[in-house]
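Let's walk through this one together, going from a helix pair to the overall layout and then to the ligand.

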Amino acid sequence: MDIHEYQAKEILARSGVPVPRGGLAYSPEQAAFRARELGEGPWVVKAQIHSGGRGEAGGVKLVHTPEEASAYAQSLFGRNLATRQTGPGGKPVFRVWVEEATDIAREIYLGFVLDRKSERVMIVASGHGGMEIEQLSEEDPESLIRQTVDPAVGITPFQCRELAFALGMEGEQVAACCRILNACYRAFRDHDATMVEINPLCVTGEGRLIALDAKMSFDSNAFFRRPEIAALRDRSQEDPRECTAQDNGLAYVGLDGTIGCIINGAGLAMATMDMIKLSGGEPANFLDIGGGASPERVVTAFRTVLADPKVQVILVNIFAGINRCDWVAAGIVKAFREANVTVPVVVRLSGTNVEEGQRIIRESGLALVTADTLADAAAKAVAALRSEAAA
Ligand code: GDP
Ligand code: MN
């Protein structure tokens with residue numbers, strides 16, 4: 001889960017990272033108030049959305065009067081800001097952050113990511129900050145410095161100094177840089193983060209180090225022990241489809257294909273997606289309805305899948321262990337009654353109460369395509385897709 005810049009700055013500041021003083025505003029008037037409250041200008045007004053690249057998209061502005069802060073905030077509120085990362089739809093701006101402007105001499109990139117290959121936290125840094133990491137690794141790969149942290153030892157003073165020197169720190173900056181590296185690592189570890197990014201970490205005109213932008217992502221599997229992080233969730237910034245699915249206990253991931261999938265079990269879902277591809281189709285989503293899915297939950301799964309306009313066929317594949325085929329079948333019938341199903345549906349049921357499930361499907365009189373095996377189901381879904389296209 002991602003959080004806003006101002007939230008990440010607050011967490012990092014608590015761990016000891018220097019950040020500019022600032023305040024949050026939900027209205028243009030409040031933005032002007034925040035500017036006055038901070039004292040003398042200039043200030044920087046920043047759109048708070050879950051995305052980087054706001055600067056070049058017009059979501060960050062240097063202002064010289066509280067009135068200018070308010071007018072710029074006014075222009076941001078209530079519209080979507082599209083950046084290179086959000087796609088053309090953009091993300092809605094409901095909050096802006098107003099902070100005292102910093103005099104920038106140099107911008108540094110600093111990232112902490114979970115490196116799955118080494119199974120460790122990896123620090124990525126570059127003396128050429130400001131650019132996004134993807135752009136940096138393409139345009140200036142030589143500038144990227146990497147260090148992995150041994151979890152048993154933590155980040156060592158030696159590693160910190162090596163990074164500081166590689167980033168061109170001098171004199172007192174070396175110690176300041178080491179403090180920042182330590183603080184970021186602690187913030188990462190102690191909050192079950194999956195990513196901490198400071199871009200830019202700025203060297204000011206006076207030679208001080210300060211985090212001008214901050215980004216953090218978290219492992220939602222750890223929310224049971226991090227309620228304070230879970231509370232930072234901002235639903236306005238998330239894909240509404242994935243949001244609703246999550247609320248209903250469905251594991252859903254949107255993909256690019258045309259065959260919508262409703263499946264129980266993550267393993268079976270993966271296997272089904274493979275089988276669809278093998279048959280010449282493309283899955284539109286990953287969806288695991290989980291064990292013991294009630295008819296209502298199946299209806300929600302249908303609604304979720306149908307909300308994707310790319311979906312042209314739905315494939316339901318259930319291998320019921322804890323689940324019951326009769327419940328799933330009842331759910332499918334209910335979905336046809338309540339959810340306006342306009343695409344062909346292929347159903348394969350197997351396992352607990354399969355006869356009862358098949359009877360419900362048969363007696364429903366609905367134009368469902370039934371299949372016996374996974375391969376059969378995938379082939380029939382692709383065939384249905386082709387005959388739809390032909391028609
Ligand atoms: P992003 O584009 O979403 O990553 O937003 P950033 O917070 O990184 O801001 C984009 C750019 O705005 C930075 O790289 C800076 O060059 C500039 N910027 C942000 N804050 C300040 C500031 O206090 N003073 C100055 N002069 N520039 C700033
Ligand atoms: Mn940035």
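Helix 2 and helix 3 cross in a right-handed sense. This is a predicted model, by the way, so keep that in mind as you look around. Helix 2 covers residues 28–38 and helix 3 covers residues 66–76. Their axes come within 8 Å and cross at roughly 145 degrees.

What does each helix bring to the contact? From helix 2 you get Pro 28, Ala 31, Ala 32, Ala 35 and Arg 36. Helix 3 answers with Pro 66, Glu 67, Ala 69, Ser 70, Ala 73 and Gln 74.

Now zoom out to the whole chain. It's split into three pieces: domain 1 takes 1–20 plus 103–238, domain 2 takes 21–101, and domain 3 takes 239–386. Taken over C-alpha atoms, the centres of domain 2 and domain 3 sit 43 Å apart.

Which atoms make the polar contacts here? Start with Lys 46, which places a polar side-chain atom 2.5 Å from an oxygen atom of ligand 1. Thr 102 uses its backbone instead: a polar atom there is 2.8 Å from an oxygen atom of the ligand.

Methods
Residues numbered from 1 in each chain as written. Chains lettered and ligands numbered in written order. Predicted model: local features only at pLDDT ≥ 70, side-chain atom pairs only at ≥ 80, totals over all residues. Heavy atoms only, no water. Domains from an automatic or database assignment. Axes fitted to C-alpha atoms, helices over the stretch in contact; angles between N-to-C directions. Helix = DSSP H or I, 4+ residues; strand = E, 2+ residues; numbered from the N terminus. Left-handed = near helix turned anticlockwise from the far one by under 90°. Contact = heavy atoms within 4.5 Å. Polar contact = N/O pair within 3.5 Å; in protein donor to acceptor, adjacent residues only side chain to side chain.
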